[in-house]
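Hi,

Here is the structure I promised to pass on.

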Amino acid sequence: GIVLRIGKTMLSLHDDDIHPVIQLYKNHLQEHPNHQLILLELAKLYNECDQQNQAITLLKTHLQQTEGGSELSTRLTLLILLTETYETIGETDEMHLSLEEAKDVCQRIVSGGKDSSNDLRSKLAAIFNRLARRYEDKGDLAVAEVQVTDALDIYCNDEESSVYLGQLLLKQGKVEECQHHCQWLRKMSPTSERVLELCGETFAAQAKYEDAIVTYKHLLSMDSQNYHALSKCIVLHHCDGKIEDIAYLISNTEDDCSDTTSPGFQHAKGMSLLCQNRYQEAIICFSAIRGDGVWGSEAILQMISIYL
């Protein structure tokens with residue numbers, strides 16, 4: 001405990017030079033090799049100064065030497081750090097192996113009548129999600145789905161994982177499965193905006209436009225400046241053949257809008273004009289926001305589609 005406090009004090013006084021603290025911890029571990037808190041802090045310091053290989057060697061050696069003998073919650077903490085270190089240097093295969101071991105340890109903790117902290121579960125689920133996004137980027141949606149399912153096995157209350165699983169199901173065309181998933185999510189998080197957005201996307205994928213419109217209008221009732229929901233609502237009215245309702249919808253929102261020049265509102269207004277075949281006016285709206293960091297790319301795509 002004293003060595004750890006000394007090290008933290010040294011870092012607070014000289015945070016630009018962490019090497020003396022690294023040496024302090026290394027010296028201490030030579031005499032007390034099983035001091036896991038010091039080991040954990042040393043591995044973190046190695047990562048901070050881009051010495052990931054040293055961190056990996058330190059963590060792997062300790063995990064191998066203490067297998068079956070260390071406290072499971074501590075082992076889980078070390079495995080999570082090892083996984084994150086592999087992720088930093090892009091060692092996906094090794095990252096996957098340590099992640100699977102971390103999942104196994106977490107399940108052993110629970111089956112033993114104990115429970116790992118929500119913080120550790122959340123970290124572990126987040127790593128599974130990041131791994132899933134890597135597979136998604138490669139186009140391997142089925143494997144990405146497995147990773148997110150693993151995340152939910154670890155931390156079933158993780159809303160991010162739950163919503164992401166639904167999005168992956170939709171991308172794979174598993175619409176009915178996603179619908180059942182949404183029904184479960186609505187029971188768990190009835191007021192979550194992300195859950196409602198997923199439900200709206202699912203209804204739209206099933207061509208249940210009326211249900212989708214109701215869902216996005218519910219989002220708008222929660223936040224009248226949710227311009228993503230407004231744009232979706234406008235497009236769905238167009239898909240459902242309710243063109244006459246689009247002008248009313250945008251006009252009604254404009255009355256409540258505190259800033260009609262905001263990129264989000266301009267995008268929604270552009271979509272409403274596009275759906276009414278008022279192309280020149282739509283281009284003016286899209287052109288005004290084409291440099292925006294959030295809405296700009298979508299605005300440019302809409303302008304191109306109009307020109308074509």
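Let me start with Arg194, which is partly exposed because its relative accessibility is 39% (buried means under 20% relative accessible area, exposed over 50%, and partly exposed in between, with a 1.4 Å probe and protein chains only). Before going on, a word on the basis: this is a predicted model, where local features need pLDDT of at least 70 and side-chain atom pairs count only at pLDDT 80 or more, while totals for chains, interfaces and linings use all residues. Residues are numbered from 1 along each chain as its sequence is written, and side-chain values use heavy atoms, with hydrogens and water left out.

Back to Arg194: its partner in a salt bridge is Glu159, with the closest N and O atoms 3.2 Å apart (a salt bridge here is a side-chain nitrogen of Lys or Arg within 4 Å of a carboxyl oxygen of Asp or Glu). This pair links distant parts of the chain, 35 residues apart: Arg194 sits in helix 11 (residues 193-205) and Glu159 in helix 9 (residues 159-171). Helices are DSSP runs of H or I with at least four residues, numbered from the N terminus. Glu159 is partly exposed too, at 24% relative accessibility.

How do those two helices pack? Helix 9 and helix 11 meet at an angle of about 10 degrees, with axes 10 Å apart (axes are lines fitted to C-alpha atoms over the stretch in contact, and angles run from 0 to 180 degrees between N-to-C directions). That makes helix 9 and helix 11 roughly parallel, the word for angles under 35 degrees. The contact (heavy atoms within 4.5 Å) includes Glu159, Val163 and Leu170 from helix 9, and Arg194, Val195 and Leu198 from helix 11.

Now for the other salt bridges; the count comes to 12. One of them joins Asp150 to Lys103, the closest N and O atoms being 2.6 Å apart. Asp150 lies in helix 8 (residues 141-154) and Lys103 in helix 6 (residues 92-111), so the pair ties together parts 47 residues apart in sequence. Asp150 counts as buried at 9% relative accessibility, and Lys103 also counts as buried, at 11%.

Lys242 and Asp240 pair up as well, at 3.5 Å from N to O. Here Lys242 is partly exposed at 23%, and Asp240 is partly exposed at 30%. Finally, Lys8, Glu41 and Lys44 are linked in a network of salt bridges.

Cheers

Notes: Parallel < 35°, antiparallel > 145°, perpendicular 65-115°, else oblique.
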